[in-house]
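Please examine the structure shown below.

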Amino acid sequence: MCRKLFFICLFLSCSALVAQIKVQSFDSRDGLCQSHVFCVEQDKLGYLWFGTYDGASRWDGNNFTSFHTHDGLMSPGVFCITAAPDNGLYFGTMDGVSVFRNGRFSTLPIGVNSEGIMVQSLLLANDRSLYIGTATRGLCCIKNDSVTWITTEKGLPSNRIRCLHQTRDGNILVSTSAGIVILSENPQPFPCPQNIDVTCIYEDDRGSLYLGTQNNGVYIQNLQNQWTQLDKQDGLGDNRISDICPRQDGVIFIATFGGGISVLRDNQIESITEKNGLASNSVFDILAGRDGSMYFGTHGGISVYKRSQIEVFDEDTGLSKNYVVAVHADCTGTLYVGTFNGGLNIYKEGKWQYLTVKDGLLNNSVFHIHEYNKKIFLCTYRGLCVYQNGRITPVYYGTSRLTDMVWSVAHDEKGILYFGTSNGVLMMQEKKIIPIAGIEGQVNAILPLPQNTVYFGTENGLRIFQNGRQLYQSTPVDSIEINVLFRASNGLIYAGSDDGVYIQNGTDWRSKGFEDGLTHDRIDGICEDLNGYIYLTTLRGITILHPDGRLRTLRNSDGLASEECSPSACCRDQDGHLWFGTIRGLTRYNPAAEQSVTLPPLMHIKSMQVFQKNIDLYKKRAGIKLFYDQNFCKFEYLGVYLPASHKVRYQVRLLGLESDWVNTEQTFMQYANLNDDCYTFQVRAANDWGVWSQPQEIGFYIEPPFWERWWFILGAVLLGGGLAVHLVSIRVKSLLAVERLRAKIAADLHDNIGAGLTEISILSEVTTRHLGKNKTAESIFCLEKISETARRLVDSMSDIVWLVNPKRDSLHDLMVRLKDSYNEFFASRGISFRINNLTVLQQIHLPMEYRHNLYLLFKEALHNSVKHSQCTEIVLDADFRNKNLRVTLVDNGCGLVETKPSGHGLESMKRRSKIIGGRLIIKNAAQGGTRVEFSGKIK
């Protein structure tokens, strides 16, 4: 009975704090597939899974994704979920077990028809055996793909399995509706209180067991194997226990059916119910998240209870007014809260006390609280007063309304009291109040420092006094209104202004403002936690400065009573908690409960789409090949960070296209018109402290078009080469055929026509002799004409045969031909004919048309020299360089005489030169005579 009374008194003593607990809840209106949540589990990617009457929902901290039977789930009713060792999940349903792996559901074979087998509990043992507890069929064990069923025929007390648990020593405990057994070949009864229906089992780090029952509360086994019962009379919300789960710090949460959550901490019980925001007082399951938050599956949805980082005190929990303008915690743990028109609130040992003008306060608006020598100084609208030993004593009354308002107060190292008013600073020494000259306007902050130095923050800027005299030092805050002054544990001085915070380190000043990440430029309060983090309160929440320069924010979404903080209303108590006054209540923040500093988001890539078509990443994670026209890619990714999912930031880059990280807050990135190449998409996420996760990446390769691939290029080269060889061979064959034809024509002309013309010439001479005396002048003329024509045709034919013959196509042959054609004639006339560089010309081959025109051109030139120049010497010279031919004919005759041309020889020579693309120059030679020069390129 004494034990019962103790727990009741303990429960009542904690009731004053219970109202501070805030729980966030979600139901079907927020995207949950159904509001009856039977089980909660967290997978290795950080997602939370919820089993309901109508399928399973997955939560990433922002959105729910639901899965139903049409997605592969065996049954809409999901009663238990447990994580598989390969990143998969097992779902116990109304009709067996479903397995979720690589984004797909499949059915787990259990050796019998699973229809109608309601799975109520799952246990993955240390040896990776899977135990499946059913509602009517007993226990199924799957080990190394071997399925074994254990029922009452094999020693179970009942086929109705309530829960499963593996102890620290490896034993499997099976709780049935008829008792608990230790699983073995012959199940043995587990020693525990009799006639209890155990619904859940928990074992703490010391080995003590906690048994949650159907109707008898919780039984706790100590190290001496003694059992203690804890039930509703001891403070539990209800005797019907559905789950027991510890938090990381050892606090035990007990889910009841009808009484909400009972929190067992240091032998004290607190309750979390619908009054605190719990979705329903009927709770089925509890999960301790990796971030320290607790997740409750209830009859009315999902509820999230974060570790007591932030708690709110307002009029509903005992404050006289929600508008808190001053807060101070003394060394005894007493909290003093100044309100606007609500007087002074004192919180001590769980109780509130209120002091107003009726109790001696000069005014019910207390703007600043200062402690010195066990005295509490209170700044009000009407002056300064002191609270000590439960009594309030006035210290200063103003003489006018301007000087009545006291905004700040502080003591220096000598015990001198300074207090700032609406019109300057007053100093109290030996009970005398003396104004300090040189300070005008409202004084918002006072900061005494060593070496008799005092900083005064006024509406006109910072004023510095040392040994009672003002120091005229130029600082960035000389003309900026100062709202608060603070000296950190590392010696840095912070000045909060309407233009951000200014930080002094020696003689150097630096500043931070909204553009640097602060929630607002107006800084109203500054305090420091035990780790050296600096907290800046503003009109839009709180900014926390990490010693290494990182920062994060606290806002209303994080649990603040309001984002609009009051000037100078912040402090740290003896437990390290920070208190912030806002216009809607008082906020207590526990930095020690903050784990997010070193916990980065769990980063993973959700999908890759190519022209809005999903790529199966589970099958192609090692490497993805795309065609050249599949160059529009979209990646969806997510950093799962449940403590503050809305504050997750991302950096992405596509190696192969860019090397620098790109900052973004979007959860997708797309790229268009990618060239064929190898790419690697990388993404990483940072929490609200700027702690980055390891990058996740996907490599893919865009193949070039077939006409740019090596095999196509090689084939094209080979085909082109083969075609070129074929065309060349055809050309060679054609040229050979032409050469053979030319040789045959030359031979035929020489052998047949030449012989015939020669015969005609001989016969005409023979006929002339035979006529003898009978020949007449006319017959002689005809015969001579025939003979002459035949000889001329023979000569012309000889030229044609020479031109057609492919064996005579060199420049050397052309020169020799010209010489042979006129040798006898030159000899009869006494003309010397010489050819220079004749042997060099044997390797120079000329096309037939080129050779024909060049031959006739210089034949005409020789003819002109012989006929008109009266020369005695003719020199023919040829030169060939870089495919350029130059042929020169020079005689020593009379030279060119300007007479009216009587023939067409010169015109014929120029025309032939033009035909073969050359240039012809005919002029008088330098030594006399005529010079004919041809120059052209041989192709």
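This is a predicted model: local features need pLDDT of at least 70, side-chain atom pairs count only at pLDDT 80 or more; totals for chains, interfaces and linings use all residues.

Helix H9 itself spans residues 905-915, and its buried residues are Gly905, Ser908, Met909, Arg912 and Ser913. Viewed down the axis of H9, these buried residues fall within an arc of 135 degrees, so they line one face of the helix. The face turned away from the buried side carries the exposed residues Glu907, Lys910 and Lys914. The cover over the buried residues of H9 includes helix H8 (848-869), strand E69 (918-924) and strand E70 (930-937).

The largest nonpolar core has 54 residues, and Phe50, Trp59, Phe91, Met608, Phe681 and Phe700 have the most contacts inside it. Strand E60 (residues 633-640) supplies the largest share of this core, 5 residues. A second, separate core of 33 residues includes Leu854, Phe858, Ala878 and Val932.

A pair of aromatic rings is described by the distance of the centres and the angle of the planes. Two such pairs are set out here.

| Pair | Centre distance | Plane angle | Arrangement |
|---|---|---|---|
| Trp59 and Phe64 | 5.8 Å | 20 degrees | stacked |
| Tyr336 and Tyr387 | 6.1 Å | 65 degrees | edge-to-face |

Trp59 and Phe64 are both buried, and Tyr336 and Tyr387 are buried as well. Tyr336 in strand E31 and Tyr387 in strand E36 are 51 residues apart, and their pair links distant parts of the chain. One aromatic cluster is formed by Phe635, Tyr637, Tyr650, Tyr671, Tyr679, Phe681 and Phe700.

Notes: Residues are numbered from 1 along each chain as its sequence is written. Side-chain values use heavy atoms; hydrogens and water are left out. Buried means under 20% relative accessible area, exposed over 50%, partly exposed in between (1.4 Å probe, protein chains only). Helices (H or I, at least four residues) and strands (E, at least two) are DSSP runs, numbered from the N terminus. The arc is that of the directions from the helix axis to the C-beta atoms. Contact means heavy atoms within 4.5 Å. A nonpolar core is a set of buried Ala, Val, Leu, Ile, Met, Phe, Trp, Tyr and Cys residues joined through side-chain atoms within 4.5 Å. Rings of Phe, Tyr and Trp (its six-membered ring) pair if their centres lie within 6.5 Å; planes under 30 degrees apart count as stacked, over 60 as edge-to-face and the rest as tilted.
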